[in-house]
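Trainee: Hi! Could you walk me through this model?
Mentor: Happy to, let's take a look together.

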Amino acid sequence: MNTETITQLLERYFHDQATLAEQEALFKYLEENPGNEQWETLLLKFIPEAVESGEREEKYNFLVKSVLGKLKVRNSKRRWLAVAASVIALLGVGLYFYTNHKTAGPVAVAAPDSAPITAPSANRATITLADGSVVYLDSVANGQLAQLGNIQLVKLANGQIAYRTADGQILKEPQNNTLTNPRGSRIIDMQLSDGSHVWLNAGSSITYPVFFTGNERTVTLEGEAYFEVTEDKSKPFYVRFSPTSKEERAGTVEVLGTYFNVNAYSDEENIKEIKVTLLEGSVRVSNPGIPSRIINPGQQAGLTKNGISVRQVDLNDIMSWKNGYFNLNDLAFTEIMNQLERWYDIDAVYPAGVPNIGLFGKIGRDLSLAETLTSLGDMGVRCRMEGKRLIITK
Amino acid sequence: MKLASTTDDNELFLQIAEGNERAFEALFRKYLPRLRPFITGFVKVEAVSDEILQDIFLKIWANRTQLTHVSNPCAWIYKISTNLAIDHLRRQAAEYKALKVVAGEEGRQADDLFGHLTARELQQFIYDAVHSLPEQRRKIYILVKESGWSHREVADHLGISVQTVKNQIVSALKAIQTYIIQSGGVYIPLILLILKKI
């Protein structure tokens with residue numbers, strides 16, 4: 001079917017003149033041509049250029065009122081969420097527990113035998129520049145960190161890292177930088193050159209071009225990050241994952257101006273999947289050889305080399321790390337320990353095997369390790385510290 | 001194509017980015033008269049068209065801090081709108097296909113039942129048929145038949161068993177079938193009569 005025929009069909013459909021056969025033909029053609037670009041051009045012609053006078057006013061009042069009403073509901077709901085999050089952070093611990101067997105009697109939590117391990121108070125992130133040199137972010141004062149062609153790498157007063165473009169000549173060669181946030185380091189917040197925001201969890205790194213050239217914006221992630229991507233449909237944003245030695249993990253998240261979280265830690269041994277959780281907007285999750293999936297806000301895609309599963313999740317749980325607490329809900333025991341390992345830079349070992357204890361609730365990330373372990377002790381987890389090793393005995 | 005004044009829109013976008021609800025209202029009022037006939041022309045059912053419009057503008061508000069990066073607001077809004085219109089056209093195609101199968105099971109051809117309907121009447125009919133279902137059943141039906149989810153995904157999404165999803169789909173199909181039969185005999189001529197009077 002050529003463009004002219006399609007245009008005619010659309011025309012007749014739009015003006016309610018299409019016969020059933022014509023409608024069926026149009027639907028069939030739609031199904032056979034899934035790419036949106038061709039359709040976009042065709043449909044654009046149907047948006048009226050001018051509007052008759054008198055069209056503007058009362059007729060649309062109900063819609064305007066309805067949307068303005070929802071604006072306020074949305075705002076207050078958000079404010080409430082922010083308040084709720086800060087209350088939990090202030091309380092430090094908001095914790096509930098159950099165990100498979102009720103533990104009776106006191107639970108031993110040995111006092112640490114070396115210097116107490118506190119929650120990370122500083123950020124120890126580094127940026128590796130294209131030439132291999134390393135910038136330590138915490139050791140430098142606010143202001144300019146590096147000059148890369150006409151791009152400035154700056155540290156803002158709030159500790160955020162940003163790339164700023166200045167007037168002048170443009171970088172000829174695309175340059176990749178890598179932001180690394182090691183274990184035992186606070187979350188770092190970075191702004192890319194296109195205005196997109198990335199929050200990087202401890203034990204994670206992201207590689208990105210200093211300036212996005214070409215038709216797409218591609219970054220590579222290891223570990224966990226939360227993204228707030230600036231919409232630019234002409235330059236789709238992609239998050240890719242480097243395969244690790246453990247298993248061949250690859251995959252892509254394609255983004256259309258949106259808020260989402262990606263957990264691609266490779267040390268979570270019982271989880272062989274990359275988890276992509278969407279807060280707002282739209283993302284497509286794909287992996288070569290399997291059908292891609294678009295997920296909706298509130299959904300999480302689990303990406304493996306065999307397929308993509310989609311499930312509904314609690315966004316508060318998923319975003320815990322960014323909001324200042326450890327989430328214990330719906331996680332395997334080892335996954336909870338993985339969080340502690342990265343935050344306190346310790347290693348958990350299980351000489352008696354992984355305990356069969358289900359935990360839930362949240363623990364504030366600002367607690368010292370000893371306080372966190374006491375909380376876990378209340379739930380029946382017996383453990384002790386030896387140097388930087390956390391020995392779980394039950 | 002003649003676009004609305006880009007400078008005005010850029011100014012509005014800047015104000016919206018700062019959280020100015022009046023600027024947002026002005027933008028909404030400016031684009032509604034152009035977008036509503038456009039979207040309604042393709043989705044046919046006004047209730048659906050209004051939902052889409054609300055969705056577009058609530059998204060603009062939710063992402064308002066990013067608006068400063070949009071160089072041509074009018075083209076940007078049009079692009080979002082056309083994309084949503086296409087998505088909904090696709091949904092209509094999927095729904096029609098499902099409906100046709102259901103109708104065919106009754107030994108009646110789609111032509112018999114829907115042949116005399118215009119696009120608008122047909123879409124309204126599909127909309128009514130699907131919306132005659134109880135809430136949960138409708139949700140499940142839409143996810144499976146329109147959005148192409150698997151039974152397992154719907155089950156996980158709603159926290160119910162796969163068997164329940166299957167049962168609900170069977171019930172939904174039966175209900176829609178009944179709706180078609182009844183409508184084929186009585187309701188469609190009635191609807192037509194009413195439409196003609198208007």
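Mentor: Helices (H or I, at least four residues) and strands (E, at least two) are DSSP runs, numbered from the N terminus. From the N terminus on, the elements of chain B run α-α-α-α-α-α-α-α-α. This is a predicted model, where local features need pLDDT of at least 70 and side-chain atom pairs count only at pLDDT 80 or more, while totals for chains, interfaces and linings use all residues. Residues are numbered from 1 along each chain as its sequence is written, and chains are lettered from A and ligands numbered from 1 in the order in which they are written.

Trainee: How many helices and strands are there in chain B?
Mentor: Chain B has 9 helices and 0 strands.

Trainee: And what share of chain B is buried?
Mentor: Of its 198 residues, 32% count as buried. A residue is buried if 20 or more other C-beta atoms lie within 10 Å of its own, exposed if 12 or fewer, and partly exposed in between, with C-beta atoms placed from the backbone.

Trainee: Which residues are buried in α7(B)?
Mentor: They are Ile140(B), Tyr141(B), Val144(B) and Lys145(B). Seen down the axis of α7(B), the buried residues fall within an arc of 110 degrees, so they line one face of the helix. That arc is taken from the directions from the helix axis to the C-beta atoms.

Trainee: Why would they line up like that?
Mentor: An α-helix has 3.6 residues a turn, so residues three or four places apart point the same way.

Trainee: What follows α7(B)?
Mentor: Gly148(B), whose phi is positive, near 70 degrees.

Trainee: New topic: at what angle do α2(B) and α3(B) pack?
Mentor: Helix α2 (residues 21-43) and helix α3 (residues 46-62) of chain B pack at about 145 degrees, with their axes 9 Å apart. Axes are lines fitted to C-alpha atoms, for helices over the stretch in contact, and angles run from 0 to 180 degrees between N-to-C directions.

Trainee: Which residues make the contact?
Mentor: Among them are Phe24(B) and Phe28(B) of α2(B), and Phe57(B) and Trp61(B) of α3(B). Two residues are in contact if their C-beta atoms, placed from the backbone, lie within 7 Å.

Trainee: How many residues does each chain give to the contact between A and B?
Mentor: Chain A gives 39 residues and chain B gives 44. On the side of chain A that touches chain B, the largest share, 7 residues, comes from α4(A).

Trainee: Last one: what does Val276(A) touch?
Mentor: Not counting residues up to four places away in sequence, Val276(A) touches several residues, including Val253(A), Phe260(A) and Leu303(A).
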